[in-house]
Amino acid sequence: QVQLVESGGGEVQTGGSLRLSCAASGRTFSIYATAWFRQAPGKERERVANIVWNGGSTSYADSVKGRFTISRDNVKNTMYLEMSSLRPEDTAVYYCASREFGVTQYRYWGQGTQVTVSS
């Protein structure tokens with residue numbers, strides 16, 4: 001199993017920045033890719049960004065392109081999400097998740113961290 005723990009959430013004003021972290025432990029050698037998801041009240045969960053751990057290939061939701069940056073530190077087994085130019089619509093609980101090679105669904109999830117952007 002893989003355990004994921006998010007940190008770094010909080011409240012920030014519109015236009016501000018936050019950095020989320022996701023620390024992985026357990027069978028980290030099995031991780032092929034990790035992703036950040038978010039879910040706002042009354043809305044469906046949305047994949048924000050994902051990264052392949054070997055090679056670092058990334059992809060982003062259109063809503064965050066140019067504002068968010070996903071990265072990972074393979075030595076520390078930690079993934080990051082640098083968020084800038086934050087908007088009230090970015091307010092949500094942010095989750096990190098991981099999946100193994102050949103598996104399309106994200107199997108392991110963190111507990112989530114709240115991000116609130118005030119206007």
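A polar contact is a pair of N or O atoms within 3.5 Å; within protein, one must be able to donate a hydrogen and the other to accept it, and residues adjacent in sequence count only if both atoms are side-chain atoms. This report uses that term for a predicted model, in which local features need pLDDT of at least 70, side-chain atom pairs count only at pLDDT 80 or more, and totals for chains, interfaces and linings use all residues. Residues are numbered from 1 along each chain as its sequence is written, and side-chain values use heavy atoms, with hydrogens and water left out.

Asp 90 is found in the loop between S8 and strand S9 (92-99); strands are DSSP runs (E, at least two residues), numbered from the N terminus. With a relative accessibility of 1%, Asp 90 is buried (under 20% relative accessible area, 1.4 Å probe, protein chains only).

| Asp 90 part | Partner | Distance |
|---|---|---|
| Side chain of Asp 90 | Side chain of Arg 67 | 2.8 Å |

Apart from neighbours within four places in sequence, Asp 90 has contacts (heavy atoms within 4.5 Å) with residues including Arg 38, Phe 68 and Val 115.

**The sheet**

Phe 68 has Met 83 in S8 as its bridge partner. S7 and strand S8 (residues 78-83) pair in the antiparallel sense over 6 bridges, where pairing requires at least two bridges found by DSSP. Both belong to an open sheet of 4 strands, ordered S1-S3-S8-S7 with antiparallel pairing. Strand S1 (2-7) and strand S7 (68-73) are at the edges with a single partner strand each, so one side of each has no neighbour in the sheet.

How values were computed. Buried means under 20% relative accessible area, exposed over 50%, partly exposed in between (1.4 Å probe, protein chains only).
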